[in-house]
Amino acid sequence: MLAVLLVAWAAQGDTWYPPKRFASHSANGRWRLVITPAGRQDDRPRGSLYRKGRLGSWRQVAQWPLVNSMSPLSSMVANDGTAVTFNRAGGMEGDGVVEIYRPDGTLVRTLGLLDLMEKEDLAELPHSTSSIWWSGKHHLDEDRRQLVLQVDAGNRIVELPVNLDTGEMLVPKRALFGRPQVTWTGRVVGTDDDIATLATKSCAPDYPRIARMVRVTGDVILEFAIDADGRAGEIAVLKPGLFGLTEAACDALSRWSFQPLRRDGQAVPALAQVKFSFSTTQP
């Protein structure tokens, strides 16, 4: 059920509402960060930092334009006033999705998705028509002075610590999620002949994006005719797969070609079976 919901959600378009002013507070209650969207006179959203005085009133200590022109989706502020904003990832993977600011508004560092992960990982994240949805439940580790980013691929969550003072990643960049893999084996029906020895052109199926996102794995078994000229004929599905695996396997097989099977020196038609195994490997 979860897989079905994820697929339906991932395929839909974005629905955007006008950004609104919002605030976040530090855990010790001494700091408040207010994010104000860009207005008619401002081409960028603003961050305003307030500190609570002894009598409980708030005093503004800094205000600055944010680096990203889009209003952030969320923010947080540390117990010393260090501010962090989080943005959606659009079509350009290198765009900043995390910004860290000192209490005076000085930018510490902007982090993009490609600072956090390998490019191949992006395909494992939920997508809409124009956005990459990557954020989990980020949090601050005040004792260690760390921002702990949570990358959520729906079926797996990875936490990445960042130095709050420098913006430095505290773990080396690496592949975060499994890599899709498709292997195949086949034989001529009624014999031990491996069709790999007959294939003059073969290619593995593409792993459908939706199937990767919901981590669908399994085998697809197809039966097909090889005519006397070595061409693949009509394909019959003996074991189907979910979320486009069957279609991907059939599409790949339709592009294969073979040497004619010979018996007693004569080219003869044959019936063959091939099994495509779709799997993911963990990094």
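Student: Is C203 buried, exposed or partly exposed?

Tutor: C203 counts as partly exposed, because its relative accessibility is 22%. Keep in mind that this is a predicted model.

Student: How many disulfides are there?

Tutor: The count comes to 0 disulfides.

Student: New topic. How many salt bridges does the structure hold?

Tutor: The structure holds 6 salt bridges. One of them joins the side chains of D80 and R145, at 3.0 Å from N to O.

Student: Where do D80 and R145 lie?

Tutor: D80 is in the loop between strand 5 (74-77) and strand 6. R145 is in the loop between strand 9 (139-141) and strand 10. The two parts are 65 residues apart in sequence, so the pair ties them together.

Student: Is D80 buried, exposed or partly exposed?

Tutor: D80 counts as partly exposed, with 33% relative accessibility.

Student: What about R145 and D165, how far apart are their N and O?

Tutor: R145 and D165 meet in a salt bridge at 2.7 Å, N to O. D165 lies in the loop between strand 11 and strand 12 (179-188). This pair ties together parts 20 residues apart in sequence. D165 is partly exposed, at 39% relative accessible area.

Student: Which residue forms a salt bridge with D227?

Tutor: R231 does, and the closest N and O atoms are 3.1 Å apart. D227 is partly exposed, with a relative accessible area of 26%. R231 is exposed, at 51%.

Student: Which residues are joined into one network by shared partners?

Tutor: D80, R145 and D165 are joined into one network.

Student: Why can such side chains pair at all?

Tutor: Side chains of opposite charge can pair when their charged atoms come close.

Student: Back to R145. What is its phi?

Tutor: R145 has a positive phi of about 55°, although it is not a glycine. Most residues other than glycine have a negative phi.

Student: What phi does F243 have?

Tutor: F243 has a positive phi of about 50°, and it is not a glycine. F243 is in the loop between strand 15 (232-239) and helix 4 (245-253). F243 counts as partly exposed, at 28% relative accessibility.

Student: Now strands. What joins strand 1 (residues 22-25) to strand 2?

Tutor: 4 bridges join them, and the two strands run antiparallel. H25 stands opposite R32 in strand 2. Their hairpin has 5 residues between the strands, and G29 takes a positive phi near 75° there.

Student: How many residues of strand 2 (residues 31-36) are buried?

Tutor: 5 of its 6 residues are buried, which leaves strand 2 mostly covered.

Student: How many bridges join strand 2 to strand 3 (residues 46-52)?

Tutor: There are 6 bridges, and the strands run antiparallel. L33 stands opposite L49 in strand 3.

Student: What order do the strands take in the open sheet of 3 strands?

Tutor: The order is 9-10-11, with antiparallel pairing. Strand 9 and strand 11 stand at the edges with a single partner strand each, so one side of each has no neighbour in the sheet. The twist averages 30° from one strand to the next.

Student: Over how many bridges do strand 10 and strand 11 pair?

Tutor: Strand 10 and strand 11 pair over 7 bridges, in the antiparallel sense. D152 stands opposite I157 in strand 11.

Student: Last one, the inside. How many residues are in the largest nonpolar core?

Tutor: The largest nonpolar core has 28 residues. Those with the most contacts inside it include V98, L113 and W134. Elements giving two or more residues to this core include strand 7 (96-101), helix 2 (113-116) and strand 10 (146-152).

Student: And the second core, which residues does it include?

Tutor: The second core is separate and has 23 residues, among them V216, F258, L261 and V274.

Note on methods:
Residues are numbered from 1 along each chain as its sequence is written. This is a predicted model: local features need pLDDT of at least 70, side-chain atom pairs count only at pLDDT 80 or more; totals for chains, interfaces and linings use all residues. Side-chain values use heavy atoms; hydrogens and water are left out. A nonpolar core is a set of buried Ala, Val, Leu, Ile, Met, Phe, Trp, Tyr and Cys residues joined through side-chain atoms within 4.5 Å. Buried means under 20% relative accessible area, exposed over 50%, partly exposed in between (1.4 Å probe, protein chains only). Two strands pair if DSSP finds at least two bridges between them. A disulfide is a pair of cysteine sulfur atoms within 2.5 Å. A salt bridge is a side-chain nitrogen of Lys or Arg within 4 Å of a carboxyl oxygen of Asp or Glu. Axes are lines fitted to C-alpha atoms, for helices over the stretch in contact, and angles run from 0 to 180 degrees between N-to-C directions.
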